[in-house]
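Open your viewer and get ready to pick a few stretches in turn. Each stop says what to select and what is there.

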Amino acid sequence: MSDEVGVGILGLGGIGLTHARALRELAPDLRLRAFSGGDAARAQEAGWPEAVQVEPDELADTPGVDVVAICSPSEQHAAHALAALNAGRHVVVEKPLALQVSDAERIVALATETGAVAAVISQRRLEPEYAALQEALAAGSLGQIRLATTQVHWWRDEEYYQAAPWRTAMAGGGGSLMNQGVHNVDLLRWLCGPVTDVTAQYGTLAHAMDAEDTTVATLRFASGALGMISTSTATPPGSPATVTLHTDRGVVELGQGEVLRWDMQGVPAPTAASGISSGAADPRAIGIAGHVQQWGDVLTAIRTGGAPVVSAADGAETVRLLCAVYRAAETGRTVRPEEL
């Protein structure tokens, strides 16, 4: 492999365009060689006029493609990731890694078998305030977590759902928890550790569709701490997502690109990220900064043979927790994620 790492984007739609633009920021180390979906004008808009458009099943075998970015609808992530790994390529999978735990585990197993880098987009872990919070928690500087909550109270209008019908279906991964709340659920699990018990409810409150647009869940962590998750696309005008941790020494509340509260005596608040915007009312407002950071990490992993910051194995555990919340809501029972 040359120093340049070639990328193929499977699905040059809205999120695929975000990846293409992020890759442009990292050129010439990363180069978009090929794409499926979208059109040549979209590739040119992102700064890649020389990239070739191919059929989805041809992408992984296109000359010069070393890593495939899976940006297809969520229900196709697992099949497309497995196909790319079987073709001997590295993979970067847009969130979520898969919709079922069994599919996520198959991706992890195949990546391990082939020795490929397999990463899932969870770019919010790289925002400096969240990275600093995780480091301080791991060092014990903030004490023991007692209560952890995350809120993703966003708004999506009918035009958003009509633009991509998979967003309206539970089977397509279109629910507010799986599609919008996934990043904050991932952050909560990363910061607070494994979850042992889940109870939940969900409903479709504002849109005429199969997928839920509002979910609430309670958690018990292995540490003994308790937690709450609430996600929604039915709450206009939409509010920035938050993570709040109450410990035996104080409280921390982080938003999107800002530290909302840091009451921890003797521990200074970290600097928040710049250029991070909330997608509370418009997903196009989120920007590319996080994707640039995570692609930079993936590039390092490929070149060094190391593990990415957010591996497929890590993403699979977030899928397990998401599925546990849905199972709890559907059955009315307490669900233990480890049993899925």
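Begin by selecting Gly305, which sits just after helix H9 and takes a positive phi of about 75°. Most residues other than glycine have a negative phi. What you have open is a predicted model, where local features need pLDDT of at least 70 and side-chain atom pairs count only at pLDDT 80 or more, while totals for chains, interfaces and linings use all residues. Residues are numbered from 1 along each chain as its sequence is written, and side-chain values use heavy atoms, leaving out hydrogens and water.

**Helix H9**

Now step back to H9 itself, residues 289-304. Helices here are DSSP runs of H or I with at least four residues, strands are runs of E with at least two, and both are numbered from the N terminus. How far apart are the end C-alpha atoms of H9? They are 23 Å apart, which agrees with the 22 Å that its 16 residues should span at 1.5 Å a residue; that expected span is 1.5 Å times one less than the number of residues.

Next, colour the buried residues of H9: Gly290, His291, Val292, Gln294, Trp295, Asp297, Val298, Leu299, Ala301 and Ile302. Buried means under 20% relative accessible area, with a 1.4 Å probe and protein chains only. Show what covers these residues, including strand E1 (5-10), helix H1 (14-25) and strand E2 (30-36).

**Glu4 and its partners**

Move to Glu4, in the segment before E1. Its side chain makes polar contacts (N or O atoms within 3.5 Å, one able to donate a hydrogen and the other to accept it) with the side chains of Arg31 at 2.9 Å and Arg33 at 2.6 Å. Leaving aside neighbours within four places in sequence, Glu4 is in contact (heavy atoms within 4.5 Å) with residues including Pro28, Asp66 and Arg303.

**Two cis peptide bonds**

Stay with Pro28, in the loop between H1 and E2: a cis peptide bond joins Ala27 to Pro28, with omega about 5°. Then jump to Pro96, in the loop between E5 and helix H4 (101-114), where the bond from Lys95 is also cis, with omega about -15°. Most peptide bonds are trans.

**Helices H5 and H8**

Finally, select H5 (residues 128-139) and H8 (residues 182-192), whose axes come within 9 Å and cross at roughly 25°. They are therefore roughly parallel to each other, a term for angles under 35 degrees. Show Tyr130, Ala131, Leu133, Gln134 and Leu137 of H5 with Leu187, Trp190 and Leu191 of H8, which make the contact. These residues divide into seven nonpolar, one polar and no charged.

Notes. Buried means under 20% relative accessible area, exposed over 50%, partly exposed in between (1.4 Å probe, protein chains only). Axes are lines fitted to C-alpha atoms, for helices over the stretch in contact, and angles run from 0 to 180 degrees between N-to-C directions. Angles under 35 degrees count as roughly parallel, over 145 as roughly antiparallel, 65 to 115 as roughly perpendicular and the rest as oblique. Ala, Val, Leu, Ile, Met, Phe, Trp, Tyr, Cys and Pro count as nonpolar, Asp, Glu, Lys and Arg as charged, and the others, Gly among them, as polar.
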